[in-house]
Amino acid sequence: MNAAGLVNQLLQGILVGGLYALYASGLSISVGVMRFVNIAHGDLIVLVSFLLLTLTASLRLPLPLAVAVALPISFAGGYVLQRWLLQRVLGKGILQIVLVTFGLSVIIQNFLQGTYGADTRRLSGSGFETATIALPGGIGIGVLPLTIFVVAAALIFVLDRLLYRTRVGAQVRAVSDDVEAANLIGLAAPRIYAIAMGVVGVTVCISAAFMSVWTNFDPTSGPDRLLIAFEAVVLGGLGSLWGTLIGGIVLGVAQAVGAQFDVSWQLLAGHLVFLAIFLIRPQGLFPRY
Amino acid sequence: MSEPLLALERVSVHYDRFRALHDVDLTVGAGEIVSIIGANGAGKSSLLRAIVGQAPRIDGTIRYDGAELRGRATAQIVRSGVALVPEGRRLFPSLTVEENLEIGSSIGRPGEVTLSEVYAYFPVLEQKRRQLARDLSGGQQQMVALGRALLANPRLLLCDEISLGLAPLVTNELYEIVPALAKRGIAILLVEQDISRSLAVADRFYCLLEGAVTLSGRPAETPRETVTQHYFGLWKR
């Protein structure tokens, strides 16, 4: 392979990493900061993808408008989900929250199969997704992957500021530190966590929008997304949003390099690199706690 | 005399089948410093937890500023001007000193207490404002816990075992500001195991034994011998 080809592959890998970071950003908040495992994270992304599909295909809304409609719905969905379901099982041991979110994952998948069928879908970005910028030396960058990468970095910047520079962020971290102390001094943990999950909902909506234009999805795509997102969060280190971006890039590059040897190696290469780093540095690359 | 800021009438607290507090009557007026003394397990912490709505079952009436507190959520009670310095400080370890303090103003009653006032009481906290709470010494952590409660702008301040595990000199520093707070009109309810410390600063005191009040009065008018006997339950014999 020539140098330009290699650079091209690495570049693609980095940009794919942006997509991974995009859908890992919400999980980075729930796992890394709020400290619980949400098995349904990937399914929630797919659920919003189907919501966007309905808004664009059935109601004929243009995609940006559909996203604008879906954003507040996603925030409210996250808020309600946390307030009335997840919060009830938090602090009662690791198993309960895993079982509840696993159940939620199964319910979402079956609901989507029942409502939309098992067909593979894709959202249309009206030509946006195929546009390419040609760089000298035979290197081409897709406009969509580049946009996604920039959006991912911007989202992570905003989330990092929100969590580590604002009062609400400090409250979320306080509840994560010691929920009993929070309750004792009158810091209403259920409401604060509900707001945090609403923010996760917003990240879910943004990632659903971009992912559904870039790749195909069907009612059972959720768990694969969850796995990658999980790897990105753990690789980056719990509590570090920038770490999650780096984690996503590491996975994307590993997959791109793996695909050079054999296309069927693509996914496996990502998992192997994750395992290798996890064995050497179980706390992740940039742990915040 | 006008109605006291806080008035407990026949308050009992139950944890499952265990009764931690039994028919306690107690009042605290604005600007008054009231101490609760009693041995370990006498029900002192349960009393404070009952006031902020953090006990599983509470009977009786808890009137604060003319309204019943029982049945209200803790967050609501704190917003109405009741702040707790919990036993064991209970700071948020991964937050900075300043973030911990600001939690206080975000949960409390709107009002005039500012960060710079807290820093004036405890200058060392200003130097360490960017450090994580877990990296402070015990005394400094207690200062943050007290400062966090002050920033909630309380009319009634509840302090649970401020001196616990601290060197006497550090405790002195913390207790120095208590009269100043009372002078501002804040009602203060102190829970302490250290009798002399607690009686020195208090206007009135209550002595708890096995969940019930066995003695109350003014420290100056009560012989020390009597207090000690009630503290240990020796007067029965």
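**Reading a domain interface**

Tutor: Chain B splits into domain 1 (1-81 + 155-237) and domain 2 (91-153), with bounds taken from an automatic or database domain assignment. This is a predicted model, where local features need pLDDT of at least 70 and side-chain atom pairs count only at pLDDT 80 or more, while totals for chains, interfaces and linings use all residues. Residues are numbered from 1 along each chain as its sequence is written, chains are lettered from A in the order in which they are written, and side-chain values use heavy atoms, leaving out hydrogens and water.

Student: How much area do domain 1 and domain 2 of chain B bury between them?
Tutor: Buried area is the accessible area (1.4 Å probe) that two parts lose on being put together, summed over both. Here that comes to about 1400 Å², 71% of it on carbon and sulfur atoms. On the domain 1 side, L174(B), I177(B) and R184(B) lose the most area to domain 2, together 34% of what that side buries.

Student: How many salt bridges are counted between domain 1 and domain 2 of chain B?
Tutor: A salt bridge puts a side-chain nitrogen of Lys or Arg within 4 Å of a carboxyl oxygen of Asp or Glu. The count between these domains is 1. As for salt-bridged side chains, E117(B) and R184(B) meet at 2.8 Å, N to O.

Student: Which element gives the most to the domain 1 side that touches domain 2 in chain B?
Tutor: Helices (H or I, at least four residues) and strands (E, at least two) are DSSP runs, numbered from the N terminus. Elements giving two or more residues to that side are α2 (74-79), β7 (156-160) and α7 (168-183) of chain B. α7(B) gives the most, with 6 residues.
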